[in-house]
Structure formats: C-alpha cells, structure tokens
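Some labels in a structure description rest on cut-offs. The questions below ask how each label was reached.

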Amino acid sequence: MRTYAPAATEVVLDRLLEEPSLARGVVHHEVIEARPAITAPFPAWLDPRIVRGLEGRGITSLYSHQAEAIEAVHAGEDVVVVTPTASGKTLCYTLPVLQALAEDPSARALFLFPTKALGQDQVAEFSELARASELQVAAATYDGDTPAPIRSAIRGAGQVVVTNPDMLHSAILPHHTKWFQLFEQVRVIVIDELHTYRGVFGSHVANVLRRLLRLCRHYGSNPIIVCSSATIGNPAELAAQLTGRPARLIDRNGAPRGERHIVLVDPPILDVATGARLSALTHAQRWALPFLRAGRQTIVFGRARVAVEIILTGLRESLRESFGPRSRLRGYRGGYLPTERRAIERGLRDGEILGVVSTNALELGVDIGALDVAILAGYPGSVAGTWQQLGRAGRRLETSVGILVASASPVDQYVIHHPEFILAGTPEEARCDPDNLHVLLAHIRCATFEMPFEPGEVFGPAPADDLLAFLGESGHVREGDDGRWYWSSENFPASEVSLRAAAPENVVIIDTTPDRPRVIGEVDLFAAQVLVHEQAIYLHESTQYHVDKLDWHERKAYVRKVDVDYYTYANRAVTLKPLDVFDSAPATGGSRVHGEVMVASLVTLFKKLKFGTDENVGWGPVELPELELQTTAYWLTYEAVIRTDRGVGVSAGSAHAPISALASPAPRRLASGAADGLEEPAAAWRRDDLDVALLGAGRAIQAVAAVLLMVDPRDLGLVSQVRSPHSDAPTIYLYEAMPGGVGLSERLFARHDELVTGARDLITACGCETGCPACTGPRLDPAVNAKALALRLLAELSEPAMVGAGRGVAGSGRSAHAPGSALADRPRQRLARDPADARPESEAAPA
C-alpha cells in the first residue's frame, strides 16, 4: 500500500522537474518573484462604521488600486478597474455603494454579473461586510431562480439588486414601472467581469445598457458606472463601447503576490514520422497526481466538457489504485445542476475538496478560496484566458505553480515554443459591435415597448427615426400625432431576443436508473447533438450514463448508469454557402473575399473510443436535425487547373514528392489558356492532391489567424472546397463561429498576405517529414505527403518576394519548433513583475 505525506508545493515541483520522463517535456520554466503590497490609508470621508467593519475582518488599509478607485467614484467619475485575479477588485465597488447607503438609506445600486453563480457569490460577500459595518442593507439576487414572492419584495425594498444582463433585458427593463424606486434612486451601476462582454453577447449587452441608461434619464437619475475586468488589451475602450461613456482606467495593481512558477510543457512525440504526441489530457494527469497526493489544492482546466470528464475519470482511477484522496476530487462544468456547483465551490473554499477538474466555468471570479496549483490541459485560446486560469493558483502569499500542457494543435505548438507570447505578450483586445444593424434593430423594438421615442431621440450612433420608420413598415411601431414613436404590436419583443450566441433552450438530462427518475444536468441545443445523442456515453462527475433516448422536441434526454471502458465522440459535418460579398480584391494566385455565409452543421455519426488509448472500438449513426448559423467569413480562392485523373503520381508537388522538390518555387498559376493544354502538365493539380493541400493549408492559415488576431482558435471555423459552388474554384473559408460575426473576418481580409506567408512559414518550420497535427493537421492517409502539397499551394498563393523569406508565424522571427530559441534554452528565468499586470503601451498613464 502506498502512503502519501503532505509536502510543500515547491518541494513537489522540484521532484517533478527531477523526474526524467516529465522533465524532458519542459520547454520553459519561469519564476515570477514575490511582491509586497502597496497600501494606502482609508479616506477621511469613509463612514466610521464601514472602517470598523473592515478592521473587524482584518483589513486595516486599502491596496493602492482600491484607494484610487473609490476616490474616483467619490468624485463622480466612471471607472474601470483592471487588475489580476484575487487582487481585491470587489472592494472597489462595494465600498462606494456602502458609503452611499450609509449617507442615504433610500439610495439604490444595481450589480450586473455575467452568471448567476457570480451574483449569488457577491451577495453573500456584500451582506457580510454590511453586517460587519452594522448597516441594515437589503441586498438580494434577482435571477431566474428567485421565487415570485421574493421578487415583489426586491422590487419594493431592495437597496442593492444583483442580477445578470439576461434578467435585466427580459424581466426588469420591460417592467420598469414596477421598479420605479430603483430607477429613481440608483446611484451606482456595477458591471463585473467586463472582459466577458465581447462578441455578439457584448453587442447585445451594450444595447441593454443603452436602454437602462435611457430609463434612468427618464426617472431623473444619473448613476456612476463602475466596471471591473481581468487583464485585457483595451479595457477603457471596451467600457466606452458598452456604456457609451468614457471611464477612468485604474490598472496599477497594489495587491501582494507570493512567488509563482510558470512551467510550459510539450508532451513527448510518440511517432516521429506522423508527429503524433502523447495526449495533453493524459500528460496533465501525470503532472497533477503528485500535487494531489501531497495534499496541495489543485485545479485542472480542460478545454471542453468531455475533456473534463476524461481527466476526472483518469485521476480518480489513478488515485483509487494507489489509495489516494479520490473522494476529495470533483468535476465542475456547465451542465451540472446549480446546487451541485454551489456545493463544489463551498467545498473548495472550506478545503474539504482537494482537487477540481473544470472547464473555463471557474475562470471567472467565483470565490473558490486559495489554491496552490493550476494545470491547463491545452492552451485556453487567449493570453488573457491563460492568465485568468493560471491566476486561480496563488491566492495567498505562498508559493504557487501554474503549468500549461500543450496539445498537438498548431496554435498550442506555436505558443509553447514561443514562451514570450504568454509571458511578455500583450493581452488580447475584447471587441463588440453595438451598432450591428440586426442587434440594434432588435433593441430599438425593445426600447420602444418600454417607452415611446421622441422625435430625433438618439439611440446608439445616431437619431433612431430612420430605423423606427423601417420598423413601422412591418407594423411593430407607429408614429403618433405628436411625432413620437409608439409600440403597436401585441408581441413582447424582449422574449424574442436572446443575448447569448448559443441557443436559448436547454436539453434536460434525466437519470432513469433509480425508482424515481431525477434530473442530473442540462446542456444547450448545440452541445446536446454531440453529448446526449442516442447511444452516447454521457459523463457526469466521471460516472458513465448511456443515453437510451433523446426526445428532441421535448428537449429531454433519458439516461441510465452503466460501467463501460469507452466514451463516445460525435462527428459534426459542416457545409457552407456564401450569401453576400461585402468586399473582394485580387491576390497572388487567386483572390480574397469578405462576405456573409450560411453555415449548416449536422452530426452524422459517433465513435466509441477507449479510455486511455483512444482506440476506436465501434461507431454508430446519429439522426438529428441540421443546425444553421448565419455569420461572416473571409475566404481565398485559388486559380488552378485540375487534372481529370484522381490517382496520386510523383510529379513535382505530388503527394509522394520529396521535400527537396520544394527547394525551388513551384510552378506559377496557370493562365486562362491552361485548360486547353497550353501550359506544362506538371503544373496541373490532381483532384485528391488539391483536396489534401487545401485542408492542410487551411489548418495552418486558421492557426496563424488565431495568433495574428489574438483570438480563441475556436472562434474561427474552417471549410475547404475543391470546387466552390460560389466561385467554381478551389476555396478556403474561415468563418466566425458566432451569429452575425464580430468583425474578425474583415480583419483577416485586410491581413491576407500575412496569413498566407505565416502559414507557409509555420509548415516549413515544423520538424515533421510529411505533415503532422502541429502544422497541417491530423493525417488521414499516412502515405500522402500533406506537408509537400500544402507548401506547394501556399507557395503559389504567396508573393514571389515572400517565398523562402522564413519570417516565422506572424513575423515572429522564430520557428514554431526552434529548439535554440533564447527563451526555450534557459531552464529558468525570474521576472520581477507578473505578466498579468502588463499594461498595453497605448494605455500607459502619463509620467
């Protein structure tokens, strides 16, 4: 029997770094030095009762950023506070609200959080501080779980109303006459986790805030807005986009921090020829187990729900076999019931739970106490998200460890071999488009329902008269004799507008194993097609359930407990159809286009994969309706001649051509007479070769696009067509994976040349022989030289001056696998400051 003795975090890490099988995968080890607190005294104007309440909780002074924030709010300024996780951002808005209530009990405050969990968490914390300050404050959560009798009490007497944008949109603003006390007396509006309001969701929330402030003006109030955010590249700009008002940026962090170790790990290659690597999920488990056995509180982040359950299952099995603390390890993700998630959060705070495996659901600021280790199984998709997850460890002054284990994807491989991208890179900018016409029209309808529009009244970028006249043509609004615009439809407009990109409906999962069936979770419609289709193995807290029936129309999945050695993975087939062209331009070897597309996805079959080895042990069909997404895309077309034979030969650039054949530039694209046989036949493509080349080049372009725009790779979908029905030519599409798009495709269109050159450099720099997951993607046919084909295509799409330039991805000047890079060669480096504290130069405060 093995026994496990508690050990310090740094001791466990040193042991792991001495283990040869793990140490050889360490690409970089950074040590970020501890930093003392920068403090400031309580301001003289702060109510003595609040000061005593803070001192009673052990707070005898403020951090410098807290003092700066509350002074600005006291002076009537809007602020946006941007500091790392666990730096005390909460006090930046709770103290001004408590002060307002201490001065005037009739004052009101509105707190907006993106999730219910955050809202409930903050109500408890705010109420505790109010009680410690001996202030009678009525603070309550108003969300979908609030019972009807309590809702009426909150409307009448709630001094601090904590809600989310969805409830504000559908339950508060349309019924503002019942909330007149809130709107008349609101002094402070708090918008927490500002960085989450991006993309389509952010565009909707910006318009909800326009409606909110419009009603505040009607009732005679002019509240101060306090925003808080994780580190992003453009916090002040995002706050201005969302609120329509300038805000003072406060980003000089005064909170203390213990020593932090950042370890970047690349799992070992299993097959040099194919580039296959050990799974990031399996490797993350190997790094996590010693910390758990040593009693160190650990969080492991997986990028998807299935990944979370696979990691959780593996860790529990390993701990069961070695008599470790198996029962103190839990999972956490969307789909768990709210009561289950609250119990897990409470267990982490109390120390009862030793380890948790989570999706990015715990990336936000839910209070889960002090953790020692954060392990990321795969790059989260953004620099900001990486630091949010790494920041979950080190919430005390003790030593903490953050470990990023890369997957085999091109973006992960680029990031892991360019440590400066994470450690010194500027966090991504969060963007939204509040003036998107579809979104704007939807909220003008909602605003008209709430209150008539005056002639010439501005909503958004300009007076709303023209848009109201457009809506009047469909009968939703009408112009009265007084020139005002009134709502004239029987429909309730807010109920028809979903703020989230995902489908508003969920599928409820019902366990039929016990005598009385019980609900064990829920998933949204898009996830349901791949997670709870019939015959799927649904994993919940590492327990396996077989899906016996999916009632799609009733939105119910019926499952029963089973014990099998496999899980299921569903394939989603994607088709794309262009709807409109916004812009187009000639490009080397073809053309580049920006436009609107319709993307249809259909789950067609599922595989049964064994735990641990991912061996395919069976498959089955899936019969579910097709889902559609209307969005924007960037695409490039290639002018090529396709030979009629489909076989694979050995001509230059063919699937079996040696890499040396690419030493000289590939034949240039054919003129229009090529189809008549006027050009050399070697320049023509075989159809199967071109199919492989388009997919390999497309995957590389997709990886480079994610790095160039600093976005999550999952925000961009890829479709390649040998003969596009739209252009009748070979085409690579990159579409935005959210309804309507948020401007990514327009930026890709403008940076076409960088994309093509970066993709070519990425593949060239890869150390594989014939293509691998780190450059051209998983190989479907081991006999095909996907690398040679993709490079031939990209050479023909590149400017002649760029061919062979070797600039590296996005002009980095360092290859994706360069073992001799300065950063990769040093085993350990110390930083005086935390990169999560980094401020973009463009927003630096004046000296």
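Q: Is Arg-518 buried, partly exposed or exposed, and what makes it so?
A: Arg-518 has 41% relative accessibility, so it counts as partly exposed. The cut-offs are under 20% relative accessible area for buried and over 50% for exposed, with partly exposed in between (1.4 Å probe, protein chains only). This is a predicted model, in which local features need pLDDT of at least 70 and side-chain atom pairs count only at pLDDT 80 or more, while totals for chains, interfaces and linings use all residues. Residues are numbered from 1 along each chain as its sequence is written, and side-chain values use heavy atoms, with hydrogens and water left out.

Q: What makes Asp-511 and Arg-518 a salt bridge?
A: Their closest N and O atoms are 3.9 Å apart. A salt bridge needs a side-chain nitrogen of Lys or Arg within 4 Å of a carboxyl oxygen of Asp or Glu, so the pair qualifies. Asp-511 counts as buried because its relative accessibility is 1%.

Q: How do you know that Arg-211 is buried?
A: Its relative accessible area is 0%, so Arg-211 falls under the cut-off for buried. Arg-211 forms a salt bridge with Glu-450, the closest N and O atoms being 2.5 Å apart. Arg-211 lies in helix 10 and Glu-450 in helix 18 (residues 437–450), so the pair ties together parts that are 239 residues apart in sequence. Helices are DSSP runs of H or I with at least four residues, strands are runs of E with at least two, and both are numbered from the N terminus. Glu-450, at 8% relative accessibility, is also buried.

Q: Why are Arg-751 and Glu-754 called partly exposed?
A: Arg-751 has 28% relative accessibility and Glu-754 has a relative accessible area of 31%, so each value lies between the two cut-offs. The side chains of Arg-751 and Glu-754 meet in a salt bridge at 3.1 Å, N to O.

Q: Why is 33 Å the expected span of helix 21?
A: The expected span is 1.5 Å times one less than the number of residues, and helix 21 (residues 687–709) has 23 residues. The helix reaches 32 Å from its first C-alpha to its last, close to that value. It is mostly covered, with 17 of its 23 residues buried.

Q: What makes strand 5 and strand 7 a pair?
A: Two strands pair if DSSP finds at least two bridges between them. Strand 5 (residues 108–112) and strand 7 (residues 160–163) have four bridges, in the parallel sense, so they pair. Leu-110 stands opposite Val-161 in strand 7.
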